[in-house]
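Here are a few notes to go with the model you asked me to look over. Keep the picture open while you read.

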Amino acid sequence: MMELAMIAALAILTLGSVLSFKYRQLGFYGAIVALVIAFSAIAFSASHFLYYGIFILAIGIINLVSLKAIKSEIRGVDYGLVGLMTLATMYIFNTNDLAMVLAALVLVSVPTYILVMIREGGANVEVGLKYITFMVFATVLFLIGAIILAYTKSLPNAGLLYVLGYVMLVLGLSLEVGVAPLHEWVPDVFSSADPIPISIIASLAKIVPFIAALWILIYTANPLTASITMFTAVLAAISMFTGNIGALTSKEHARVLAYSTVANMGYVLACLVAIPLVVVIGDGLPGFVIKPEFIYLALAGGLLLLFANAMGKIGFFNAIKEEGAYSPLMYILAFSFIGVPPLMGFWGKLFILLPLVEVGYTWLVALVVINSAISIPYYIRLASELGIGWKANLTNLICVAVVVITLVTVAFLPVDWFLEGMKSLAQTIGVVI
Amino acid sequence: MNEWVFLLLLLAPVVSSIPIALAYKSKEWTEKLPYLSVLGIFVSVLMSLHIFFALEEGPYPYDWIPELGINFVFMVDYLSSYMGVITAVIAFFIAIYGLDYMKGDYRPSWYWFFFNLFTASMLLVVYSDNLLLLFIGWEGLGAASWGLIGHWFRDDDEIAYVGKTGRKVGPLELSWPPSFGGWRAISTIRFGDVPMFFAIAAIWVFAGNLNISEIEWGTLFATIGAAGTVILLLCLLMGLFTKSAQVPFSEWLMTAMTGPTTVSALLHSATMVAAGAFVFIKITWYIEPWTLHGVPGLESVYILVLFVGLISGLYGALAGSGMHERKVLLAATTMSSIGLMFAAAAASFWVGHFAVLVAFWYMAVHAFAKASLFLVSGHLIHATHSRFLCGGLEFGKKMKPAFIVTIIATTFLVGMPPLTAYWVKSGMDEVMEHLIHDLGIVPLVLLILTSLVYSGLLAKFLSLNFIKGEKPHHEHVEGGGLMKLGYVMMVSVLFLLAYLIFTSEETAEFIHAGMAEVSIIVGILILLAYVVGLVKPRIAALSRLGTFFSDRMYLPFVNDYILPKTGFFVSHIVNEYGNRGIDGFFNTKVMPGLFGGISKGIRRIQVGGLTAYVKIVLGLVMIFLIIASIGGMGL
């Protein structure tokens, strides 16, 4: 049933893109219809995907709408590409198949190769070259790492192979999303490409790689995980500091946001430290005891942080495109990034920190908190420089939408509802609670 | 259902004062909205009466952070049900008076908001069983006190000052404007609140509970040992002594008289300054120190409180005896009375439960009597345009209600037989007499001396305002209907209290004590002192001593000279020697250097060329993989 709906959605998407050469608007409406069909199918077949699905649907639609702000050479097809990315992002929690997980990763990654080059009146080839080079490298590393890890599952004693697979996967992920010290492409691409495609790359495109990595790491977790996660933790720490100090000392807005992405990916990487470890300990690692609720707490934290990052990036990049947006909206997004309660960014950080404490990574928790403090000046500066008076335009409409979503966690306090959703979601990715 | 009672009790005053706070720019609205604020306080009165008559005794807990034992726990017991009504009723009467008194003031929004915030905070302190909740109310008291003392922050009207302007003693000018008064209050109170906060934290750590009625005090004291007990209680007492203006923290109360008179009446006589004594009474009520004689350290703390109280009592009375400013004189007597409350409550260690009752009832009688006197003073200041004692018999006849109220309030308060306070004071005499066995005769002597000076002092207040004072330069005796209503209602409660003392079971012992020989002798002496004060309010031969007393025995030097000089010296040292290091580390050298260095490093990588990036990334990936291979070899 769901597969059928997905295929139908893909068909509509393709049709819309093809017909958009003749009728421009069809690409947009085709994408919207496809997303709604896919979302309904997912929501009907398994209600616990509902919350996740709603967030992704919202991010997808906002990204689609924001594309209207740019006159692209491939107008129509770009809607199809974003639609495809959103479909893959929605789908990823609905599969138990490694091949499908990896396919979703590729489906989210490849459209960005084209999107990144979108520019009014031509294609930004130089940026495209820089971006594609690293993405290809990242995808290859990720895929090889994933396959090695999957292979070790069938071995009685994985040892070195597991470690190599783990490191490759994490390095691939780091390159893909821009974790320091493999972040070199991020500041350049973010500041020289058009802000609108970047808002998509910085929001929607970041979600699937993390979920895919998480899925594989949980699936292949074994007692060695406890020793090797230190590697990820160190990367996370380096990324936070590089990102935040870079952002703090940059002037150009797009560059500040690029470094802020590097920092945020560091926070999310911390979630990759916690979850597999919690799973391993939950499976009975000698000397450790853990409460199962920390698994879905960490998952909720990771996702909320990704959503909060997506909302903020969409809002800020759109504001850059239009040279400013309504000031209060900018401040709310900044506060969410900083982690001021009860905005979404706060819950994301909190839910990641709690399980981290539980698995003994207190030093990483301290670093996250210190880094949140370091980030305060540049987010506030960003908000004050991008904030202007109210104007009724597309940018402010988009900003209102992302702020409303950022405030969802305020309107529905406490966020138990989200945690409940995560509990069942965690089970679908192989975690037994 | 009951949660609504407490919610209304505490929120009605605050919510009803928000409109006037918001409408601060509109003269039209700020003239009308005070009635709404007063209505809010009236709701509190109704709720406190409901609690008194309808609610059963016991704790009323509502969850807040149950995991940490921090909850909204209200306690309805003998003390809180009486004190709640007393607080709400006094606030209500004074609010009515304030409608007249504050008419035409330049910032009514500020006044009413803080006045009502104060009322709510005080009620929170009174009903809280949870120490953290109590502390929240306590801080509300401090904030409101600062806001209201400095109400006339422009310092542009000499009538709001304390001390004769321009009068210098040594390097110090002994006169204080409202803004300085506010500052002295908040700085002194904060000085005590911080240790108090630590004491509460320590109680939480060691007892695992913050509810006064549930804490196992005996076990707690045993856990922390003698030194721990002394340190803990001293820290707690720092908060209480500073708030209640006990020696040597009394200076702020004297200059708190720069605030509007309604504020002096409500905060700085009847309720807020008494809060320190009230909390001490409340805690003693539950600690039951008379059952804990085996606990090491506890006795020394109670001895300390006893003597701080008695010395403050005598100091306040003596200082007041030389004063000529209406309100400051009353402030000195207030401090004196509160000292006696502390002393009586502390005596419970040896005497038992009865001493706590004495302290509490003295607090009740004092609250109404002193508030009445303050309200009269305010009216007199309005009528004569002078903050100094003045007004002869002729003037007294024109101000009949004020005159009569002053006669009633002073005679009922000093402990003259057989008027209200006599019975409570007799209880106090009996308590101090009991102490002869354990602590000798000194406490009783100090009490009697204080009572005599106090009596003469209030007689002097009556005499110099209405009978023998100089003729005022200015007389404005018309109007002030609501003001008169305010103090007449206030003083009439003293009759009700007398009735309660005679009829209630708990106070039966007071009547017994009133019949005792010592009490009768002391009562007669007090009567004599009163007559002396009335007939001879000024004694020229003692004028130099009077000046020494009215300069508060030069205690202002500690507050305004020695402490600031010491502070400046310390800050000078810190600035000269400590700051360079701190600045160097955080602001100029180490941290900025670190950030700058890292930032440069991060930026140096971004050369823009694809080849360079590929080299970096490939190199890093290779290094990581090699390290992983080496590290993973042994696994």
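This is a predicted model: local features need pLDDT of at least 70, side-chain atom pairs count only at pLDDT 80 or more; totals for chains, interfaces and linings use all residues.

1. Let's begin with helix H5 (residues 98–115) of chain A and helix H6 (residues 125–152) of chain A. Their axes lie 10 Å apart, and the packing angle is about 175 degrees. Angles over 145 degrees count as roughly antiparallel, so that is the label for H5(A) and H6(A).

2. Who does the touching here? On the H5(A) side you'll find, among them, Leu98(A), Leu102(A) and Tyr113(A), while H6(A) brings residues including Gly128(A), Met135(A) and Phe142(A). Sorted by class, the contact of H5(A) with H6(A) has twelve nonpolar residues, three polar ones and no charged ones.

3. Now try helix H14 (residues 327–338) of chain A and helix H17 (residues 394–406) of chain A. Their axes come within 10 Å and cross at roughly 40 degrees, so H14(A) and H17(A) are oblique to each other. The crossing is left-handed.

4. In this pair, H14(A) uses Leu329(A), Ile332(A), Leu333(A) and Ser336(A), and H17(A) answers with residues including Cys399(A), Val400(A) and Thr406(A). The contact of H14(A) with H17(A) splits into seven nonpolar, two polar and no charged residues.

5. Finally, look at where the chains meet: chain A gives 22 residues and chain B gives 22 residues. Which element supplies the largest share of the side of chain A that touches chain B? That's H7(A), with six residues. This side of chain A has 14 nonpolar, five polar and three charged residues.

Conventions: Residues are numbered from 1 along each chain as its sequence is written. Chains are lettered from A and ligands numbered from 1 in the order in which they are written. Axes are lines fitted to C-alpha atoms, for helices over the stretch in contact, and angles run from 0 to 180 degrees between N-to-C directions. Helices (H or I, at least four residues) and strands (E, at least two) are DSSP runs, numbered from the N terminus. Angles under 35 degrees count as roughly parallel, over 145 as roughly antiparallel, 65 to 115 as roughly perpendicular and the rest as oblique. Two residues are in contact if their C-beta atoms, placed from the backbone, lie within 7 Å. Ala, Val, Leu, Ile, Met, Phe, Trp, Tyr, Cys and Pro count as nonpolar, Asp, Glu, Lys and Arg as charged, and the others, Gly among them, as polar. A crossing is left-handed if the near helix is turned anticlockwise from the far one by less than a right angle, and right-handed if clockwise.
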